[in-house]
Amino acid sequence: MDGADRIWNRQQQNRDSRLVRAANALGSDLAGKLLPAGRTADLLYSVLEAGDRVCLEGNNQKQADFLAKALAGLDAARVHDLHMLLSVLALPEHLDIFEKGIASKLDFSFSGPQAGRLADLASSGKLNIGAIHTYLELFGRYFVDLTPRVALVAAQAADRHGNLFTGPNTEDTPAIVEATAFKSGIVIVQVNEIVDVLPRVDIPADWVNFVIKAPTPHYIEPLFTRDPAQISEIQILMAMMAIKGIYAEYEVQRLNHGIGFDTAAIELILPTYAASLGLKGKICKHWALNPHPALIPAIEAGFVESVHSFGSELGMEDYIRARPDVFFVGPDGSMRSNRGLCQTAGHYACDMFIGSTLQIDLQGNSSTATVGRIAGFGGAPNMGADARGRRHASPAWLKAGQQARAGKDVIPRGQKLVVQMVETFREHMQPAFVDKLDAWQLAAQAAMAIPPVMIYGDDVTHILTEEGIANLLLCRNDEEREQAIRGVAGYTQVGLARDRRMVDNLRDRGIIRRAEDMGIDKRLATRDLLAAKTMKDLVRASGGLYNPPKRFRNW
């Protein structure tokens, strides 16, 4: 068949036939693009076809929860074998659709709350995992070979024409809607309210097919909020080592922090410990980061100049509105987050990523996908990877590159700092250091082509534990690298199997550094260093602008 005979608009024709089916089924209940919530199931039956790729917006925080419940309530005899695309598996309904046979294949990025159930469904054959992606990878595939046929997303508000206001939690919505709308797909949006005039238009109406006012506002998870009262003295010691042994050493000014109490401790001792070292204005100026409440004291102290965010954080809205010089805020006063662009910033524009993991092996490979728990990776593989396409220089990038290539006859280039910060034993006394990642066993069980590694060892530059810092950039061979890792693995089996003589040599050469080697007095690693010791302290530091979610209030 040559070009003259070929039909070139099959996708558009298919979309139009679905829209006609929906219009016939919904009748007068469909007012332009607006539809009553009670007709949602009828709409889904009209526009969905067996085998469709369906992107259901489930982000780190914002969830299209009403649409998820509606999808999970469909009859699998009428809608089945859907190929689901989700950034985050957060709600029970995200997996209910697989148990009920409505969906059969999944491509995703992160599944923290549903990690155990996901592993069970995968092992029982009820769910086929296409791949565990990083966010950028998944978004990229929306525009290549995983383009959604139907997108189910959430927004803060819509006007009567169907224009959308996504508010501070824009997150993944632009990527999902654009990929779907411009490839003849169908976009269905749940909104909290329908108004005459929007504060701003984030997504235009002609990208949207149907708008439903949900019975309740969409769910938002305060994922990045950490109560300072739960930060331990071990975490404070590790934070001190991070600041003095890495941040100051490399003059890290542009960075991303992973989620957790370890990094919250770093944020909370910037105005105290880092300031005492004379580091204000020298480190931690520009961030790719959600608006962590733990960052408030550092912002107020003048450490932080700018923050671009993947998503927002509940309770931070008024504080963000009052600090437009720091956050990316629109004329309406609310922040616009963007997960795709912030991931790009974290990959290419940041000099350092510091985060945590569940397991690290002897080569420095790490993963959060373990037997019985497939947590996924989120953005860590992008944040925690050396961006080989980067070409602009900075002191931190240049110094890391010089250390990695010292003594080698290679052309000079920089390198991103990738720090894994873990206590040697995790929850329930599970060792963080292992001889072999569970990812190998998981790959065999789920018939994966390769083990699901989150961050590859050759991207990791430093491992930080309560035992000290291992600078892997300075290791001259694989044996030194293994012993450097063992040297900070503490009383785990990996740590106990160290070659003590070799570890002592690595310490003499500064490849392994203990707290005392950095001039850190462990006796000072107390909660007195925290700029805020409670949630109420964070509210005070914000001048009363921070409004913590109820579950974080004890007053």
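1. Which strands does helix H9 (residues 261-276) lie across? The model is predicted, so to speak, with local features needing pLDDT of at least 70 and side-chain atom pairs counting only at pLDDT 80 or more, while totals for chains, interfaces and linings use all residues. Residues are numbered from 1 along each chain as its sequence is written, and side-chain values use heavy atoms, without hydrogens and water.

2. Helix H9 lies across strands S10 (254-257), S11 (286-288), S13 (352-355) and S18, and runs at about 135° to S10. Helices (H or I, at least four residues) and strands (E, at least two) are DSSP runs numbered from the N terminus; contact means heavy atoms within 4.5 Å, and angles, from 0 to 180 degrees, are taken between N-to-C directions of axes fitted to C-alpha atoms, for helices over the stretch in contact.

3. The open, mixed sheet has eight strands in the order S12-S11-S10-S13-S18-S19-S20-S21, where pairing requires at least two DSSP bridges. Strands S18 (417-421) and S19 (462-465) run parallel and are joined by three bridges, and Gln 420 has Ile 463 in S19 as its bridge partner.

4. The charged end of Arg 226 sits over the ring of Phe 261, 5.6 Å from its centre, and that of Lys 436 sits over the ring of Trp 440 at 5.1 Å; the criterion is NZ of Lys or CZ of Arg within 6 Å of the ring centre and within 35 degrees of the ring normal.
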